[in-house]
Amino acid sequence: MEHMRNWHDMNKFMELAYNEALDGVCKRHGGPFGAVIVKDGKIIAKGHNEVLLRHDPTAHAEIVVIRKACKKLNTVDLGGCTLYVTSKPCPMCKGAIQWSRIKDVVFSGDYEDAKKLDFDDLLFSDEFDEEDNHWTQMDQENFVKLIDAFSSCKNEIRY
């Protein structure tokens, strides 16, 4: 993470994330969250929370910007990229960050800051295991068939 040592660049990219968040708030697209993805010192994508705009609870800034970056780079692997985001990613976004192979994340606010706005990310983390009590598994053998089908063409599909 060579560019991480350059505070000027870090501040520049974080400022872009703040501006994205402010743009989204002013447009009433969603919460005060903005994100920027950078690779080799170049901006790949910018985005902000679009939950209200899209009527989509998954349209967090991180998800929006990951989708844009993947489309721009024509890949699902964002390894080598750095994500700058205005607040510490929630559990859903952490999963998306991991799946996209982003290793380096720079954030500003933390869960306690977000909690002041009634965004209680820790509540979701704590309740996630409890949610399993309401989940039902069935027809597992059908999923095994899907695994077999995917495996048979895996050489053609890169994940």
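Q: Buried means under 20% relative accessible area; by that cut-off, how many residues of strand S3 are buried?
A: The model is predicted, and strand S3 covers residues 81–87. This strand is largely enclosed by the rest of the structure, because the buried residues in it number seven of the seven.

Q: Which strands stand at the edges of the sheet?
A: The sheet is open, with four strands in the order S2-S1-S3-S4 and mixed pairing. An edge strand here has a single partner strand, so one side of it is left without a neighbour in the sheet; this applies to S2 (42–48) and S4.

Q: What is the average twist from one strand to the next?
A: The strands concerned are those of the open sheet ordered S2-S1-S3-S4. From one strand to the next, the twist averages 15°.

Q: In which sense do S1 and S3 pair?
A: Strand S1 spans residues 34–39 and is joined to S3 over five bridges. Two of the residue pairs are Ala-35 with Val-85 and Ile-37 with Leu-83. The pairing of S1 with S3 is antiparallel.

Q: In which sense do S3 and S4 pair?
A: Thr-82 stands opposite Asp-104 of S4, and Leu-83 stands opposite Val-105 of S4. S3 and S4 share five bridges, and their sense is parallel.

Q: What is the handedness of the β-α-β unit made by S3, H4 and S4?
A: Helix H4 covers residues 91–99, and strand S4 covers 104–109. With S3 they form a β-α-β unit that is right-handed.

Q: Which elements do the buried residues of H4 pack against?
A: Cys-93, Gly-95, Ala-96 and Ile-97 are the buried residues of H4. Their packing partners are H3, S3 and S4.

Q: At about what angle does helix H3 run to S2?
A: Helix H3 is made of residues 61–73 and lies across S1, S2 and S3. Relative to S2, the helix runs at about 140°.

Q: Is Ser-100 buried or exposed?
A: Ser-100 sits in the loop between H4 and S4. Leaving aside neighbours within four places in sequence, Ser-100 is in contact with Ile-66, Val-76, Asp-77, Leu-78 and Gly-79. Its relative accessible area is 3%, so Ser-100 counts as buried.

Q: Which residue's backbone oxygen does the side chain of Ser-100 reach?
A: The distance from the Ser-100 side chain to this oxygen is 3.0 Å. The residue that carries the oxygen is a buried residue of H4, namely Ile-97.

Q: Where in the protein chain is confidence lowest?
A: The protein chain has an average pLDDT of 84, and 76% of the residues score at least 70. Confidence is highest in H3, at a mean of 98. It is lowest, at a mean of 57, in residues 121–131, helix H6.

Terms used:
Residues are numbered from 1 along each chain as its sequence is written. This is a predicted model: local features need pLDDT of at least 70, side-chain atom pairs count only at pLDDT 80 or more; totals for chains, interfaces and linings use all residues. Side-chain values use heavy atoms; hydrogens and water are left out. Buried means under 20% relative accessible area, exposed over 50%, partly exposed in between (1.4 Å probe, protein chains only). A polar contact is a pair of N or O atoms within 3.5 Å; within protein, one must be able to donate a hydrogen and the other to accept it, and residues adjacent in sequence count only if both atoms are side-chain atoms. Contact means heavy atoms within 4.5 Å. Two strands pair if DSSP finds at least two bridges between them. A crossover is right-handed if, with the strands pointing away from the viewer, the path from the first strand over the helix to the second runs clockwise. Axes are lines fitted to C-alpha atoms, for helices over the stretch in contact, and angles run from 0 to 180 degrees between N-to-C directions. pLDDT is the predictor's confidence in each residue, from 0 to 100.
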